[in-house]
Amino acid sequence: MIKDILQKPESFYKEFYRKSGSNKLTTHYCPGCGHGVIHKLIAEAMDDFGISNKSVVISPVGCSVFAYYYFDCGNIQAPHGRAPAVATGVKRAIPGSIVISYQGDGDLAGIGGNEILHAANRGENISVFFVNNAIYGMTGSQMAPTTLIGQKTTTTPYGRSIQNEGYPIKVCELLATLEAPVYIERVAISDTKNVMKARKAIRKALQNQVENKGFSLVEILSPCPTGWGVKPTEAKKWIEEVLSKNFHLGIFKDKTSEPVALLNEAKKFDPEEIKKIIGEKNQNEQDTKFSKPDVKPKYQNPRIKISGFGGQGILFLGQLLSKCAMISDYYTTWLPSYGPEMRGGTANCQVNISNKRIGSPLVTETDVLIAMNLPSLDKFENDVKKDGLILVNSSLIGRNVRRGDVEVLYVPATRIADEIGNTKVANIVMLGAYIAQTKIVSNDCVLYTTNHSVKKKEFLKVNEEVFRRGMEYVISYKRKSNKEFDTVIF
Amino acid sequence: MAKLFLKGNEAVIRGAILAGCKSYYGYPITPASEIAEAAAKFFPLVGGTFLQAESEVGAINMSYGAASAGQRVMTASSGPGISLKQEGISYAAGSELPIVIVDIMRGGPGLGNIAPEQSDYNQIVKGGGHGNYKLIVLAPNCGQEMCDFTMLAFELADKYRTPVVVLADGFIGQMMEPVELPDPVNKIPTKNWQVDGTKETKNNLISSIYLDENDLEEHNIKLQVKYRKIQETEARFEEIQTDDAEIILMGYGIVSRVLQTVVEEAREEGIKAGLLRPITLFPFPKDIINKLCDRAKVFFVCEMSNGQMVDDVRLALNGKCPVKFYGRMGGIVPGTQEILNKVRILATSLPARGNYTEKLSETFIKI
Ligand code: SF4
């Protein structure tokens with residue numbers, strides 16, 4: 001073994017300068033440990049493909065935590081079990097690199113079970129070398145997910161029991177059920193014949209990545225004489241006679257003959273182009289501005305609450321108002337009720353429109369309440385400030401506003417919307433009513449904003465129509481005080 | 001350039017892309033999901049990577065990989081997800097990786113609820129993971145800052161080679177406001193430490209392991225020196241009417257917006273109140289606190305938590321000025337009038353300067 005390691009592949013450091021202590025020529029592994037051999041096989045394959053300059057090895061947590069002492073390539077040390085996730089980030093960042101995730105059994109099959117499962121399932125174009133020695137070597141011979149039934153470890157002093165710890169996990173068999181992986185094989189570091197097979201499998205896993213074929217994993221049954229408490233020769237024998245009888249050697253998946261998807265060249269973007277993409281508008285739209293109309297003092301700087309049930313376009317109405325305010329050069333905020341209550345049930349939002357920078361975006365003292373259904377009026381009526389304005393969707397609210405100190409507009413918004421043939425646009429009727437009453441923004445501004453906020457073109461005409469109807473309703477009907485409630489109720 | 005009308009969460013991604021961020025790894029969680037959704041929409045259009053990870057743990061570790069390769073990378077979540085990311089954050093701090101992490105805080109502990117809270121202060125500012133590390137923490141209070149501070153976060157992350165957190169709450173994330181897109185960053189600094197699969201960088205190592213005690217202490221000292229430099233140079237804050245203020249209100253994020261209105265209304269009543277709003281939570285703006293306490297008679301800290309930032313205010317003042325605290329929990333955002341009432345009480349019983357003993361019972365802790 002020592003002799004093997006002294007004949008170093010090119011992809012090993014000549015001298016292991018990162019290693020602590022004075023001996024910089026041999027590895028930190030125990031005599032007879034399989035890691036040294038596996039490292040060497042990987043490094044030789046890196047030599048053969050001439051890839052050490054573009055390779056990145058992810059070191060795990062476990063005995064091979066110091067894999068970066070040895071490989072003369074880019075090295076990253078990862079948290080316990082997370083090497084496949086780290087490898088994903090590296091490979092996606094530099095698709096031309098060769099990324100190797102080197103992991104032990106506790107790391108990969110225990111704490112990192114989820115990371116390997118999903119990296120494999122995504123078919124990340126990486127090579128995973130999974131060293132299975134059926135034990136936690138570094139921490140002192142505790143049970144691993146791959147420890148055999150009956151095997152004694154420091155945490156299974158009476159032997160692993162099926163009742164308590166369950167069965168050893170067979171990673172190759174498990175991952176081979178997934179669609180994406182292209183190559184999965186289990187090999188063993190035991191006699192020369194098996195080491196040769198291991199060499200071939202490791203080469204193939206790297207070659208697959210060089211050829212952009214996708215996810216490869218080689219599980220390597222590896223001697224841990226220290227953890228098993230046996231001599232190195234006995235360890236190899238145990239692999240042959242016991243371990244490989246439980247973890248069968250062989251190829252579990254090989255899709256490498258299937259055609260490979262070509263990698264897309266990464267497109268370069270200039271910064272201005274990027275700004276346009278995330279701006280989501282063309283230049284003309286961006287420059288559109290509308291002037292602020294003269295607004296009566298009592299309607300200035302309104303704090304607005306809009307409330308109704310889900311599906312009435314409550315949030316959308318608030319957004320429209322805010323957008324209108326924005327392009328009319330106001331300060332504005334829109335704050336939704338969010339989360340489960342939006343899925344069905346009630347919806348409300350709070351809108352501020354102001355001539356000066358807005359402090360609290362919360363509307364607790366309300367200047368304007370737009371109540372689209374009865375629960376909304378019940379809930380928020382008392383929050384409205386004295387002399388505030390309440391717009392009532394009288395089609396759905398069968399009662400008067402109880403307060404006498406506020407201004408009230410009863411608008412049969414749902415009925416008007418129905419007359420146009422679309423109940424859903426009752427919110428735009430209300431918008432028309434509110435704008436007609438307060439003139440907080442210009443009509444042109446509302447029509448422009450509505451047109452640019454509606455995705456379906458057939459809504460454009462409808463919206464324009466109902467907005468006008470909403471306005472006309474307010475203009476042509478004498479304003480009704482809440483004492484003379486006479487609007488038609490459905 | 002005209003403005004866009006965006007949710008804070010959406011503004012984050014605009015800022016990230018303008019800052020040259022090339023990949024986003026995340027996991028859905030309310031109230032932060034719009035960040036992932038905006039990333040999913042835009043990153044592919046600008047030649048970047050968006051990947052919905054299998055878990056929060058996966059997301060932070062993918063970010064760890066991308067940052068190791070020298071890419072500008074980010075992830076985002078809310079409290080429960082951030083708790084899961086803490087392992088990776090500790091590793092990133094130890095390995096000195098510039099990753100931008102956005103936390104849109106919600107109610108806790110445990111599953112709590114999805115309403116806005118500020119109870120992640122301790123786990124973000126004081127370090128929720130293991131080890132002697134700190135994160136730079138930026139606290140935006142509007143949509144524009146969600147964009148701008150995300151950009152700033154990338155600059156600071158690269159400058160100091162450290163993870164940076166943008167810490168906001170559910171309201172700042174969900175609220176829509178006009179946002180003006182800043183100019184894109186043209187030049188991203190090259191990193192001589194990155195591991196990018198080239199001959200030039202192949203001797204680089206990204207690692208947080210130092211087996212030898214002396215080496216690890218040395219590494220820790222290096223980190224602390226960095227944090228000290230950050231403390232000295234990067235503290236940011238905003239002051240509103242503090243010049244002659246006797247009552248200094250303090251709060252960050254959405255609370256600072258409420259406090260701004262409280263100050264305006266208190267001033268109308270003739271109460272000399274001012275607002276000091278920390279923008280960086282680490283580094284905490286201690287110097288300005290000490291400057292203001294020369295004139296101020298009382299500091300009034302308001303948070304949507306059980307009182308986490310208030311500890312830092314007390315530490316900064318070190319007994320030089322009384323500190324009152326008012327906190328709401330569970331996702332309740334304190335209203336203007338609610339706080340104004342406390343301010344009125346304070347105004348009528350201002351302690352004489354330099355002569356006070358603080359009793360806990362005097363404070364406004366609401367529990
Ligand atoms: S404990 Fe086992 S796996 Fe670890 S170095 Fe020693 S022999 Fe190798």
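Q: What is the mean pLDDT of chain B in this predicted model?
A: The model is predicted, so local features need pLDDT of at least 70, side-chain atom pairs count only at pLDDT 80 or more, and totals for chains, interfaces and linings use all residues. Residues are numbered from 1 along each chain as its sequence is written, chains are lettered from A and ligands numbered from 1 in the order in which they are written, and side-chain values use heavy atoms, with hydrogens and water left out. The pLDDT is the predictor's confidence in each residue, from 0 to 100. In chain B, 96% of the residues reach 70 or more, and the mean pLDDT is 95.

Q: How many residues does chain A give to the contact with chain B?
A: Contact means heavy atoms within 4.5 Å. Chain B contributes 73 residues, and the number from chain A is 67.

Q: What area do chain B and chain A bury between them?
A: Buried area is the accessible area (1.4 Å probe) that two parts lose on being put together, summed over both. Carbon and sulfur atoms carry 62% of the total, which is about 6,000 Å².

Q: Which residues of chain B lose the most area to chain A?
A: Three residues together account for 11% of what the chain B side buries. They are Phe5(B), Glu54(B) and Lys202(B).

Q: Which residue of chain B forms a salt bridge with Arg357(A)?
A: A salt bridge is a side-chain nitrogen of Lys or Arg within 4 Å of a carboxyl oxygen of Asp or Glu. The count between chain B and chain A is 6. In the pair with Arg357(A), the closest N and O atoms are 2.9 Å apart, and the partner is Glu238(B).

Q: Which helix gives the most to the side of chain B that touches chain A?
A: Helices (H or I, at least four residues) and strands (E, at least two) are DSSP runs, numbered from the N terminus. The helix in question spans residues 56-68 and gives 8 residues; it is α3 of chain B.

Q: Which strand of chain B pairs with strand β2 of chain A?
A: Two strands pair if DSSP finds at least two bridges between them. Strand β2 (residues 74-77) of chain A has 2 bridges, in the parallel sense, to a strand at residues 205-206 of chain B. Ile76(A) stands opposite Ile206(B). The strand of chain B is β9.

Q: Which are the edge strands of the open sheet?
A: The sheet has 8 strands with mixed pairing, in the order β7(A)-β5(A)-β6(A)-β4(A)-β3(A)-β1(A)-β2(A)-β9(B). Each edge strand pairs on one side only, and the two are β7 (250-254) of chain A and β9 of chain B.
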